Amino acid sequence: MDRSKALLGSIVALALLAAVPVRAAIIFAQIDTFENGTTNNWAENIKSPNPPTNTLGGPGGSADHYMRDVASGIGAEGSRQIVFNLAQWTGNYVAAGVNRITCNLANFGVNPLAMRFVIQGGQFGGFYGSTAAFQLPVDGGIWHDASFDLTDSGMSLIQGVDSLSSVLSSASQLRLLSASDAPAVVGDAINSIVGVDNILATATPEPTAAAAVIAVAAACLARKRRPSPRLTRCRA
């Protein structure tokens with residue numbers, strides 16, 4: 001399949017995103033907006049007493065859906081700030097041209113958070129995580145625009161012997177967690193409430209050939225919400 005056909009396929013898949021909540025593998029410019037009333041396959045351990053929920057009040061205002069995740073900081077299940085995805089965020093990131101994830105994050109709790117993406121995959125199930133955490137301050141739930149590079153300069157090996165390229169070529173799960181000290185497989189045990197919205201698969205630098213796909217993603221996002229004065233732009 002040539003590049004133009006691949007881009008056309010991505011555009012069509014993106015247009016159908018709202019109607020098809022589950023995909024088998026990652027595609028360029030896919031977005032989790034949570035407007036379908038679910039957590040879009042993001043979850044915690046099945047024993048967690050406080051799994052993520054779909055909630056109103058995202059960066060677009062009171063009618064904007066987002067994912068809210070609570071961690072108790074005590075006990076075993078549900079104590080750590082972590083969610084994972086075993087569905088549409090698995091697959092071949094390299095073939096899809098995805099090496100960056102952006103999203104909106106908000107801290108509704110009383111403790112600062114150090115947010116990182118962690119990806120597992122490869123022949124031996126290795127883990128890589130964001131080398132630099134996105135620092136999410138205690139600021140009353142202001143929404144921040146975060147960016148995470150899935151590149152050699154942006155990711156560190158946490159566990160295993162697989163190369164980053166191998167892990168990204170056959171990802172089996174993606175995690176979003178708070179790890180204050182260093183990249184980690186599990187999140188901090190911390191009393192916290194985090195909001196997540198508009199998780200977007202993109203690239204850095206953005207390929208010129210993918211501009212049409214990104215334009216469609218931007219249009220979908222623009223239809224979802226109006227600009228919010230409480231949205232700040234930051235980079236991890």
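User: What makes the charged end of Arg68 count as sitting over the ring of Phe108?

Analyst: In this predicted model, the charged end of Arg68 lies 4.9 Å from the centre of the Phe108 ring. The cut-off for the distance is 6 Å, and the charge must also be within 35 degrees of the ring normal. The distance is within its limit, and Arg68 is listed as sitting over the ring.

User: Which residues are linked with Phe108 into a cluster by ring pairs?

Analyst: Ring pairs link Phe108 with Tyr66 and Trp143.

User: How many aromatic pairs does the structure hold?

Analyst: It holds five aromatic pairs.

User: Why is the pair of Tyr66 and Trp143 called what it is called?

Analyst: The ring centres of Tyr66 and Trp143 are 5.2 Å apart, and the angle between the planes is 80 degrees. Rings pair if their centres lie within 6.5 Å, and planes over 60 degrees apart count as edge-to-face.

User: What does the pair of Tyr66 and Trp143 tie together?

Analyst: Tyr66 is in strand S4 (residues 61-71) and Trp143 is in strand S10, so the pair ties together parts that are 77 residues apart in sequence.

User: How do you know whether Tyr66 and Trp143 are buried or exposed?

Analyst: The limit for buried is under 20% relative accessible area. Tyr66 has 2% and counts as buried. Trp143 has 4% and is buried too.

User: Why does the pair of Phe117 and Phe148 get its label?

Analyst: The planes of Phe117 and Phe148 stand at 90 degrees and the ring centres are 5.0 Å apart, so this pair is edge-to-face. Phe117 belongs to strand S7 and Phe148 to strand S10, so the pair ties together parts 31 residues apart in sequence. Phe117 and Phe148 are buried.

User: Is Cys103 buried or exposed, and how do you know?

Analyst: Cys103 has a relative accessibility of 1%. Buried means under 20%, so Cys103 counts as buried. This residue is found in strand S6.

User: Which residues is Cys103 in contact with, leaving aside its neighbours within four places in sequence?

Analyst: The contacts of Cys103 include Phe117 and Phe148, together with His144, Asp145, Ala146, Asp197, Asn198 and Ile199. As for Asp32, it is 71 residues from Cys103 in sequence, while the C-alpha atoms are 9.0 Å apart in space.

User: How do you know whether Leu113 is buried or exposed?

Analyst: Leu113, which lies in strand S7, has 1% relative accessibility and counts as buried. Leaving aside neighbours within four places in sequence, its contacts include Phe134, Leu136, Ile190 and Val194. Ser178 is also in contact with Leu113; the two are 65 residues apart in sequence and 5.7 Å apart from C-alpha to C-alpha.

User: How do you know whether Asn41 is buried, exposed or partly exposed?

Analyst: Asn41 has a relative accessible area of 31%. Buried is under 20% and exposed is over 50%, so Asn41 is partly exposed. Asn41 lies in the loop between S1 and S2, and its phi is near 70 degrees, a positive value in a residue other than glycine.

User: Which residues touch the most other members of the largest nonpolar core?

Analyst: Trp42, Tyr93 and Leu105 do, out of 37 residues in that core. Among the elements that each supply at least two residues of this core are helix H2 (93-96), strand S6 (100-107), strand S7 (113-121) and strand S10 (143-149). A second, separate core has six residues, including Phe127, Leu177, Ala179 and Val185. In soluble globular proteins, nonpolar side chains tend to be buried together.

User: What is the average pLDDT of the protein?

Analyst: The average is 85, and 77% of the residues score at least 70. Over residues 1-22 the pLDDT is below 50. Over residues 227-236 it stays under 50.

User: How many helices and strands does the protein have?

Analyst: The protein has four helices and 14 strands. Of its 236 residues, 47% are buried.

How values were computed: Residues numbered from 1 in each chain as written. Heavy atoms only, no water. Core = buried A, V, L, I, M, F, W, Y, C linked by side-chain atoms within 4.5 Å. Buried < 20%, exposed > 50% of the residue type's maximum accessible area, 1.4 Å probe, protein only. Phe/Tyr/Trp six-rings, centres within 6.5 Å; stacked < 30°, edge-to-face > 60°. pLDDT = per-residue confidence, 0-100. Contact = heavy atoms within 4.5 Å.
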